[in-house]
Amino acid sequence: MLNTFVEHMKEAGWTVELYESQNKHITSTITARYKHIPKQWMEFIETVQCMMNAEETVWFLCANDFETQSDGAFQWNEWEKIGLESAANDKEWESRIKTFWDNHLPIVMSVKGCYSYYAISMKDGSVVRGAEPEFEECEIIAPSFIAFTEKIGKGALQL
């Protein structure tokens, strides 16, 4: 599954870099916060070092993106941080935002057109999509990470 997806993304013009050997160093930031991470996504970030479109406006979050000293312009939890900033000390709103992101692991970020994301729901493993201004309002795109990659590979979903 992973090899087919990687080849499809390369053929579609995406920049894809793989680790020479599996990267088993997955930051505790992810594993401490998210308890039901699908095995297939873990295999993805252990294998794929970088995956972004040619314009660098859409990218899959990879292991290095979750490091606290990541030097990217956007942090892996950027949309959560923007939401919390918007909540402006409204404790109830902040709590709803934190609860949402505690249950949704971001896996793709986009600044193409508007700020948006794809995330894995920790409740059922589905992949959801959300966008600004209300990042926490999302829709289910695929029932699993594998189904998500298959939709992309078949052209049924454009990132």
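**Thr149 and beyond**

Modeller: Thr149 touches Met1 and Phe5, leaving aside residues up to four places away in sequence. Keep in mind that this is a predicted model.

Biologist: Which helix is Thr149 in?

Modeller: Helix 6, which covers residues 145-153.

Biologist: Is Thr149 buried or exposed?

Modeller: Buried. Its relative accessibility is 3%, and the cut-off for buried is under 20%.

Biologist: What lies 2.8 Å from a polar atom of the Thr149 side chain?

Modeller: The backbone oxygen of Ile146.

Biologist: Switching to the core. Which residues have the most contacts inside the largest nonpolar core?

Modeller: Trp41, Phe44, Met51, Phe60, Ile107, Phe148 and Leu159. That core has 50 residues. As background, nonpolar side chains tend to be buried together in soluble globular proteins.

Biologist: Take Leu159. What does Leu159 touch?

Modeller: Skipping residues up to four places away in sequence, Leu159 contacts Met9, Trp14, Val58, Phe60, Lys112, Tyr118, Phe148 and Ile152. Phe60 and Phe148 are also on the list of residues with the most contacts inside the core.

Biologist: Now helix 4. Which of its residues are buried?

Modeller: Glu78, Trp79, Glu80, Gly83 and Ala87.

Biologist: And what covers the buried residues of helix 4?

Modeller: The cover includes helix 2 (28-33), helix 5, strand 4 (104-110) and strand 5 (116-121).

Biologist: What happens to the backbone just after helix 4?

Modeller: Ala88 takes a positive phi there, about 40 degrees. Ala88 sits in the loop between helix 4 (78-87) and helix 5 (91-102).

Biologist: Is Ala88 buried or exposed?

Modeller: Exposed, at 56% relative accessibility. The cut-off for exposed is over 50%.

Biologist: Where else is phi positive in a residue other than glycine?

Modeller: At Glu56, with phi near 60 degrees. Glu56 belongs to the loop between strand 2 (48-52) and strand 3 (58-60). Glu56 counts as exposed because its relative accessible area is 56%.

Biologist: Last topic, peptide bonds. Which residues does a cis peptide bond join?

Modeller: Glu132 and Pro133. Omega is about 5 degrees.

Biologist: Where does Pro133 lie?

Modeller: In the loop between strand 6 (127-131) and strand 7 (138-142).

Key: Residues are numbered from 1 along each chain as its sequence is written. This is a predicted model: local features need pLDDT of at least 70, side-chain atom pairs count only at pLDDT 80 or more; totals for chains, interfaces and linings use all residues. Side-chain values use heavy atoms; hydrogens and water are left out. Helices (H or I, at least four residues) and strands (E, at least two) are DSSP runs, numbered from the N terminus. Buried means under 20% relative accessible area, exposed over 50%, partly exposed in between (1.4 Å probe, protein chains only). A polar contact is a pair of N or O atoms within 3.5 Å; within protein, one must be able to donate a hydrogen and the other to accept it, and residues adjacent in sequence count only if both atoms are side-chain atoms. Contact means heavy atoms within 4.5 Å. A nonpolar core is a set of buried Ala, Val, Leu, Ile, Met, Phe, Trp, Tyr and Cys residues joined through side-chain atoms within 4.5 Å.
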